Amino acid sequence: MIECFNSLILAARNKTVITMLEEIRVKMMKRVGQMREFCDSWIHDFSPIALKVLTEHTARSMKCSIEWNSDIGYEVLEGYFRHVVDLPRQTCSCRAWMLKGIPCPHAIVARHHKRLNLMDYISQWYSRDTYMNTYSYFIQPVLNLKMWPTSTNPTIIPPEVRKMPGRPKTARRKEASEPKKQENSLKGGLK
Ligand SMILES: [Zn+2]
């Protein structure tokens, strides 16, 4: 399972600067390899998430009906909504196709009507080649801190520590007449 970046650096974030950067560098060095291994596990030339979305859209497309204007325009009815699809421009009035780069249910119906290959209409951003290009640069290993050359530059002195004024209390001061615990009115209201 590949962690998201924020959870990946969570443990390193509270450490001193060099230790933090070193931990992040090692994690990123390993991550490039993990992401490439993940891509090797794909059974198709497009990402599994893109194909999952496409499968869901295909299921929805089966409930749509279509009218063709004998040119390039299609009217696709899904429930109460009628959408207009333009295959050459790769647009649909629902806008999901332009937004995601994955054919929406209406475009899938139009594509099926024309007997076109659905995979030709998925954005190349989801392709295996694009993914592998993203992770084609490797972070090179480096010696550890003890083996780094000693700097001859003047030492940087940390700023003088000043006592900061305390934070104001966030809890509201209750009146003496108020009950100590708040009534759980929300729970009662949801019943
Ligand atoms: Zn659409």
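Predicted model: local features only at pLDDT ≥ 70, side-chain atom pairs only at ≥ 80, totals over all residues.
Okay, ground rules. Numbering starts from 1 along each chain as its sequence is written, and side-chain values use heavy atoms, with hydrogens and water left out.

On to the fold. We've got seven helices and four strands, taken as DSSP runs (H or I, at least four residues, for helices; E, at least two, for strands) and numbered from the N terminus. The order from the N terminus is α-α-α-β-β-β-β-α-α-α-α. The radius of gyration, over C-alpha atoms, is 28 Å, well over the 16 Å from the globule rule for 191 residues, so the chain is more spread out than a compact globule. That rule is 2.2 Å times the number of residues to the power 0.38. The C-alpha trace spans about 80 × 70 × 25 Å along its principal axes.

How much of the chain is buried? Buried residues are 27% of the 191, where buried means under 20% relative accessible area with a 1.4 Å probe, protein chains only.

Now, the histidine. H57 sits in helix α3, residues 48–61, and is buried, at 5% relative accessible area. Beyond its neighbours within four places in sequence, H57 is in contact with K100, I102, P103, C104, P105 and I108; contact here means heavy atoms within 4.5 Å.

Notes: Buried < 20%, exposed > 50% of the residue type's maximum accessible area, 1.4 Å probe, protein only.
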